[in-house]
Amino acid sequence: MEPQPAQSQHSGAPADLKGLSLLYVEDEAEPRGMVSKMLLLNYPNLTVYPAENGAAGLATFQKYLPEIVVTDINMPVMDGIQMSRAIKELRPDALIIAVTAHSDTSYLLNAIQIGIHYYVLKPINYDELFSALDKVLDQVALRQLVERQNRRISESERQLALAQRIAHLGSWQCELPGGLMTCSDEMYRILGLLPGGAQVRLERFLERMSPEDRALLQEELAAATANGQPLEALFCRVRREDGSERILKIEATVMPAAEHVPVTLVGTALDVTELKRAEEEVRSLTDALERRVLQRTSLLQASLQELEHFSYLVSHDLRAPIARLEGFCRALLEDCGECRSDNCRIYAERAVRVVRQIKSIIGAFNDLSHFTRCTMEIGEVDLSALARGISSDFQRTEPERSVEVRIAEGLVVQGDGRLLKIALEHLIGNAWKFTSKKLQASIEFGAQGHEGSPVYFVRDNGAGFDMKYVDKLFKPFQTIHSPGEFTWSGTAIGLATVHSIVLRHGGTIWAEGVVDKGATFFFTLASDPEPGSYYERTH
């Protein structure tokens with residue numbers, strides 16, 4: 001019949017006995033039962049497997065592989081010595097306590113030869129048995145502690161090796177003056193060698209370095225050894241047998257040497273090849289970008305100078321001829337007063353209007369050029385207050401109109417107050433103009449959030465526009481409404497001016513509209529627009 005383990009049900013058993021088991025072999029039933037009970041009483045968390053002879057004990061051991069064996073020596077079928085020898089073959093680290101009578105001296109000699117650790121004489125003295133068992137349990141506990149520590153060390157070494165491989169970081173140790181080196185697996189890989197291959201010596205290590213780096217590394221290592229100071233980061237190129245080249249960041253420190261103990265250098269080699277290549281690529285891209293910036297800056301400076309010259313031409317050189325032309329037109333208009341032909345006066349009046357229009361366009365062009373080049377003075381600007389003042393001015397000029405104006409409060413930004421006022425005058429002026437045919441007009445100035453930043457808008461319910469013409473809105477001298485459709489005397493440069501001012505403030509502007517349902521102009525402003533003038537900074 002297969003022996004069943006006898007287990008204690010006491011919960012106060014020592015925690016370090018959990019999972020441990022013991023095989024107790026005794027051919028006499030009464031002592032076997034009594035000793036098993038005493039073992040469970042004194043070691044509640046210990047699992048005890050009883051067996052009636054050596055053969056049964058060996059079978060039980062093969063099944064459960066207990067850590068401890070307590071066995072009688074002189075037994076039928078198979079004696080304790082034979083069983084112990086077989087157990088040692090199955091599990092050499094099994095701890096065995098022999099229980100024997102004084103007459104079993106020959107058996108005891110055999111027991112010592114096969115490695116039985118302790119023996120207890122019959123009749124059993126429980127104090128002696130428990131004392132021997134305590135010593136065995138201490139050995140088991142020590143063995144388990146060593147195994148746990150070894151597992152932790154093995155796991156740490158595995159993790160270190162894995163981390164070194166991921167980081168391409170090799171470690172090495174060199175004993176001087178012999179130069180014998182101990183290298184990690186990753187150090188072997190970095191050098192282009194098989195891990196665990198031929199042992200590396202310092203001479204072979206240095207031979208792997210490029211000739212221009214070898215002498216410097218050898219000199220730095222010698223200096224570090226002589227002075228006992230760490231070797232700071234030194235970048236060297238190593239050449240592998242396959243012809244490839246890697247760049248290493250080598251660091252080392254000198255271990256304090258006791259008397260008659262060789263000096264030891266402990267160091268690391270970090271493979272920074274990809275990093276250096278990336279740095280070189282970034283440096284190359286940066287140089288190329290700087291060259292492009294210089295080229296674009298030069299082109300921009302040339303364009304600004306051409307614009308300045310053209311503005312000067314428009315402002316000064318054309319002003320005198322146009323003034324003379326205007327004078328001629330007025331004289332012609334006066335002379336036409338005596339002319340009997342109606343066409344003569346009509347043509348003269350048209351010529352005067354065209355000259356005035358040319359003068360207005362020149363003035364508008366000069367204003368646009370000024371907004372592009374003028375110096376910005378940055379400060380806190382209350383857009384809400386500006387919008388209220390502008391809308392009030394329009395309402396005073398046309399008190400007969402019914403216009404609902406809604407202005408959000410607290411819209412404060414950083415910018416040039418003078419330029420932002422001009423931009424709002426154009427936007428609100430457009431809304432005022434293109435709602436003139438609405439019996440109940442509506443104009444709104446507010447802000448909404450978009451990706452964490454405010455977007456300001458001017459919305460109206462006026463004439464609107466067809467979105468296919470949206471690209472024309474912010475171009476100078478472009479209009480999507482015919483001059484006779486609304487009463488206006490502008491130069492079609494207002495939205496281009498707004499566009500220029502918004503760009504000067506680091507923002508963007510766009511519009512949405514539906515014919516006869518209104519339009520909305522959106523714009524953003526940078527939180528910290530750059531003061532001054534780019535034109536001034538490039539001169």
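Visitor: Contact here means heavy atoms within 4.5 Å, so which residues does Gln164 touch, not counting those up to four places away in sequence?
Guide: In this predicted model, Gln164 touches Leu169, Gly170, Ser171, Ser184 and Glu186 once residues up to four places away in sequence are set aside. With Ser184 there is also a polar contact, made side chain to side chain at 3.0 Å.

Visitor: And where does Gln164 sit, buried or exposed?
Guide: Gln164 belongs to helix 5, which runs over residues 126–167. Its relative accessible area is 9%, and because buried means under 20%, Gln164 counts as buried.

Visitor: OK, helix 3 then: what reaches the backbone nitrogen of Ile81 at its start?
Guide: A side-chain oxygen of Asp79 comes to within 3.0 Å of the backbone nitrogen of Ile81 at the start of helix 3. Within this helix, residues 80–90, the buried positions are Gly80, Ile81, Met83, Ser84, Ala86, Ile87 and Lys88.

Visitor: Switching to peptide bonds, is the one from Lys122 to Pro123 cis or trans?
Guide: The bond from Lys122 to Pro123 is cis, with omega near -10°, and Pro123 is found in the loop between strand 5 (118–121) and helix 5.

Visitor: Now helix 12, which residues are buried there?
Guide: The buried residues of helix 12 are Leu383, Ser384, Leu386, Ala387, Ile390 and Ser391. They cover an arc of only 160° around the axis, and that puts them on the same side of helix 12.

Visitor: Why would residues three or four places apart point the same way?
Guide: An α-helix has 3.6 residues a turn, so residues three or four places apart point the same way.

Visitor: What covers that buried side?
Guide: The cover over the buried residues of helix 12 includes strand 11 (379–382), strand 12 (403–407), strand 13 (412–415), helix 13 (417–434), strand 14 (441–450) and strand 15 (453–460).

Visitor: How far apart are the end C-alpha atoms of helix 12, and what should the span be?
Guide: The end C-alpha atoms are 21 Å apart, and this agrees with expectation, because the 15 residues of helix 12 (383–397) should span 21 Å at 1.5 Å a residue. At the start of helix 12, a side-chain oxygen of Asp382 reaches to within 3.1 Å of the backbone nitrogen of Ser384.

Visitor: Where is Ala269 found, and is it buried or exposed?
Guide: Ala269 is in strand 10, residues 263–271, and it is buried, with a relative accessible area of 0%. Leaving aside neighbours within four places in sequence, Ala269 has contacts that include His168, Leu169, Gly170, Trp172 and Met187. Phe235 is 34 residues from Ala269 in sequence, and their C-alpha atoms are 9.4 Å apart.

Visitor: And Arg214, which residues is it in contact with beyond four places in sequence?
Guide: Beyond those neighbours, Arg214 is in contact with Leu206, Glu207 and Met209. Arg214 lies in helix 8, residues 211–227, and counts as partly exposed at 29% relative accessibility. The C-alpha atoms of Arg214 and Arg237, which are 23 residues apart along the chain, are separated by 8.7 Å.

Terms used:
Residues numbered from 1 in each chain as written. Predicted model: local features only at pLDDT ≥ 70, side-chain atom pairs only at ≥ 80, totals over all residues. Heavy atoms only, no water. Helix = DSSP H or I, 4+ residues; strand = E, 2+ residues; numbered from the N terminus. Expected span 1.5 Å × (residues − 1). Buried < 20%, exposed > 50% of the residue type's maximum accessible area, 1.4 Å probe, protein only. Arc of directions from axis to C-beta. Contact = heavy atoms within 4.5 Å. Polar contact = N/O pair within 3.5 Å; in protein donor to acceptor, adjacent residues only side chain to side chain.
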